[in-house]
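Here is a short briefing to read alongside the model. Keep the 3D view open and follow the residue numbers as you go.

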Amino acid sequence: MPSVLVVEDDQFVRSALIRHLTEASHTVRSVGTALEALREVAHFRFDVVVLDLGLPDLDGAEALKMLRSITDVPVIIATARDDEAEIVRLLNDGADDYLTKPFSVEHLSARMAAVLRRTRGPGQAPPPRVIQVGGLSVDPLRRQAELDGTALDLTRREFDLLAFLAGRPGVVVPRRELLAEVWQQSYGDDQTIDVHLSWLRRKLGETAARPRYLHTLRGVGVKLEPPAAPERPA
């Protein structure tokens with residue numbers, strides 16, 4: 001059964017969420033501050049975190065950034081704030097979904113189920129076999145990647161981006177498609193993609209100026225392909 005961490009300082013809301021999520025067969029732990037949440041994710045494995053923004057010790061937006069620095073667990077923001085610019089910023093900062101209070105527990109459960117389907121794939125077709133692109137090996141089933149036989153230490157989003165591109169070797173993928181398929185967003189900031197590409201390049205031992213696998217076509221999109229064979233001396 002899915003394990004959920006509820007981060008909510010309002011005791012009434014917190015108790016209601018715990019009760020209803022437990023009745024829905026979720027394993028639930030709960031805390032009321034950002035620092036407690038960070039301790040929880042450092043010591044326990046969760047399938048999803050429900051994060052309120054109005055925490056007493058630290059703004060939830062900052063808490064999200066700190067969570068993202070130590071874990072890839074899916075995060076659903078639950079808050080009374082409904083400013084669109086802030087929603088976009090939070091999604092770009094690593095939130096997987098956003099719910100505006102008040103909301104029903106049924107609505108939250110549906111959003112959680114959707115996030116878990118995206119991250120774990122229950123009920124979906126089995127992931128493809130191991131993808132090989134040059135010396136790069138990507139195993140979607142085990143969520144593992146290797147470069148020339150050495151394991152790559154990738155975050156969840158980095159792996160999703162790499163696997164999506166590796167599944168389309170040599171194909172230029174538009175940024176809008178990456179946002180839709182990897183980030184599950186219909187809109188967003190290109191900087192989000194650029195930052196993750198930069199992290200991936202670093203782990204692949206390349207740079208934007210001297211690419212090997214990842215190639216950016218300005219104004220078009222991104223493609224992943226095997227490195228070009230070195231030229232033989234004449």
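This is a predicted model: local features need pLDDT of at least 70, side-chain atom pairs count only at pLDDT 80 or more; totals for chains, interfaces and linings use all residues.

Residues are numbered from 1 along each chain as its sequence is written, and side-chain values use heavy atoms, with hydrogens and water left out. Helices (H or I, at least four residues) and strands (E, at least two) are DSSP runs, numbered from the N terminus.

**Nonpolar cores**

- A nonpolar core here is a set of buried Ala, Val, Leu, Ile, Met, Phe, Trp, Tyr and Cys residues joined through side-chain atoms within 4.5 Å; buried means under 20% relative accessible area, exposed over 50%, and partly exposed in between, with a 1.4 Å probe and protein chains only.
- The largest core has 28 residues, and L136, V138, L162, L178 and L224 touch the most other members.
- Two or more residues each come from β6 (131-133), β7 (136-139), β8 (144-147), α6 (156-166), α7 (175-181), α8 (190-204) and β11 (221-224).
- The biggest contributor to this core is α6, with seven residues.
- Another core lies apart from it and has 24 residues, including V31, V41, L53 and A63.
- Setting aside neighbours within four places in sequence, L136 is in contact (heavy atoms within 4.5 Å) with I131, E146, L147, L152, L162, L204, Y213 and L224.

**Helix α8**

- With 15 residues, α8 reaches 21 Å from its first C-alpha to its last, close to the 21 Å expected at 1.5 Å a residue; the expected span is 1.5 Å times one less than the number of residues.
- T192, I193, H196, L197, L200, R201 and L204 are buried in α8.
- Down the axis of α8, the buried residues fall within an arc of 165 degrees, so they line one face of the helix; the arc is that of the directions from the helix axis to the C-beta atoms.
- Q191 and R202, on the other side of α8, are exposed.

**Strands**

- Strand β3 (residues 48-51) is covered on both faces, with V48 and V50 buried on one side and V49 and L51 buried on the other.
- Two strands pair if DSSP finds at least two bridges between them. Strand β1 (residues 3-7) runs parallel to β3 and is joined to β3 by four bridges, with V7 opposite L51.
- Strand β4 (residues 75-79) also runs parallel to β3, through three bridges, and V50 stands opposite I76.
- From β3 the chain crosses through helix α3 (residues 60-70) to β4 in a right-handed β-α-β crossover; right-handed means that, with the strands pointing away from the viewer, the path from the first strand over the helix to the second runs clockwise.
- An open antiparallel sheet of four strands has the order β6-β7-β8-β9.
- β6 and β9 (150-151) are at the edges with a single partner strand each, so one side of each is left without a neighbour in the sheet.
- Two bridges pair β8 with β9, and E146 stands opposite A151 in β9.

**Loop residues**

- P74 is in the loop between α3 and β4, and counts as buried at 6% relative accessibility.
- A cis peptide bond joins K101 and P102, with omega about -5 degrees; P102 is in the loop between β5 (97-100) and α5 (105-120).
- D148, in the loop between β8 and β9, has a positive phi near 55 degrees although D148 is not a glycine, and D148 is exposed at 56% relative accessible area.
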